[in-house]
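Let's take a look at how charged side chains pair up in a protein model. Have the sequence and the 3D view ready as you read.

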Amino acid sequence: MSQTADTAWMLDYASGALSEPFALAMATHVALNSEAAQQYEKLNVLGGALLDDMEEEYLDGELNDILNRLDDIEPAPAPAAVQSEINIPAPLRAYIGASYDDLNWRTLGPGIKQALIETGVSTHKVGLLKIAPGRPVGQHTHKGTEFTVVLEGAYDDGGMRFEKGDLQLADSSLDHQPLADKDSGCLCLFVLDAPLKFTGPLSKWLNPFITF
Amino acid sequence: MAIASNMVSVQPEAYNPAIASKGSWMGDMTLTMEDAARLVAEIAAKRDKQAFAALYRHFAPKLKAFALKQGLSAGVAEEIAQETMIQLWRKAPTFDVRKASVSTWLFTILRNKRIDYLRREARPDLDHDEWRLQTEAPEQPDSIAERGEDRLRVADMLKALPDEQKQVLHLAYFKELTHAEIAEELDLPLGTVKSRIRLALGRMRMLVKE
């Protein structure tokens, strides 16, 4: 059974309320995880029902004007199949391009690399984390909310396993040390709306996380 | 029903939304789910403008009402409603009628257009791509098929919800408040809001085919 987003957060996403950085994480999660995709579809169905329920509003425009525009509008082409060795989920592709390798990877500590992703939203930090097989991330808690979506590989955290497409939500109630799978390691997307707070002996290593 | 190619303006003589019954002011029959799907198929097959006109008369007023309820100005709401219908025209050939109803699809287009509009307002310099973070139904590869009887039950379920659950859904869809913001707005603990959301959606989960 996969780890999917909390219902309330999925509602935030489906209704359109969710901030862009968290929406990126959610979109990636939904693109990779069919259970999450189904949850999301149900919330779209609910939106459709709300739309059906609306009382009609008076229209100012002329139907004829719209009809006249239609001739010039070409049908949208079918989405092109994307050729790439490692399949980057569609929502991420718009932000990072065709390859994970092209990003600016920095080593944060032994077996841990990070590449930040620019979203233009200064209140959130977004990036990718590459963790070598069997390596832990430094023990930490969160001042705000942290979303983690597994893109490749897997990690274990507090008895739970997170695999490709899974999403983990963590906040100040969770103090944890995720551990990358000993065979595959892990590549994850993370989104933060506030700094992490390192609580373990490795906290000095991971200072860069703290500068937000 | 023959639709004259020389369309009359959508401006009736003395229209009062409070009085007019649903659908009647446009001289429109109410579209069933199946009717709507058939009309989209006609657009897909032959770019049928009359089919589009029928869909427009049914849905554009509701799309505008939805956008207005979300707090957009009348001009912007109407523009977004138009652009949503134009998107339907563009995407009709690739829409899978078995996977989602036209209403669900239009809701997702409208939602994406509105997000795009708001983001563009806030940061006009950014290159926005409206499909980027929210797909349109039914683009999920493993979509469950939306069944007619499920949709009717969703509508009934909505009406039957206790007020406090109806309220959180309305704040989510019409005020675009996140669940955390809803908790603040209603001055309630986060846990209470989350449980109301779960209860409201829990009923729907039982109704929609897994």
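Is B:Arg38 buried, partly exposed or exposed? With a relative accessibility of 42%, B:Arg38 counts as partly exposed; buried means under 20% relative accessible area, exposed means over 50%, and partly exposed is in between (1.4 Å probe, protein chains only).

A quick note on the ground rules. This is a predicted model, where local features need pLDDT of at least 70 and side-chain atom pairs count only at pLDDT 80 or more, while totals for chains, interfaces and linings use all residues. Residues are numbered from 1 along each chain as its sequence is written, chains are lettered from A and ligands numbered from 1 in the order in which they are written, and side-chain values use heavy atoms, with hydrogens and water left out.

Over all chains, the structure holds 19 salt bridges (a side-chain nitrogen of Lys or Arg within 4 Å of a carboxyl oxygen of Asp or Glu). Here are some of them:

| Salt bridge | N to O distance |
|---|---|
| A:Asp6 and B:Arg198 | 3.9 Å |
| A:Arg161 and A:Asp181 | 2.9 Å |
| B:Arg38 and B:Glu42 | 3.3 Å |

B:Arg38 and B:Glu42 sit 4 residues apart in helix H1 (residues 33–46) of chain B, about one turn of the helix. Helices (H or I, at least four residues) and strands (E, at least two) are DSSP runs, numbered from the N terminus. B:Glu42 is partly exposed too, at 22%.

Over in chain A, A:Arg161 is partly exposed at 33%, whereas A:Asp181 is buried at 12%.
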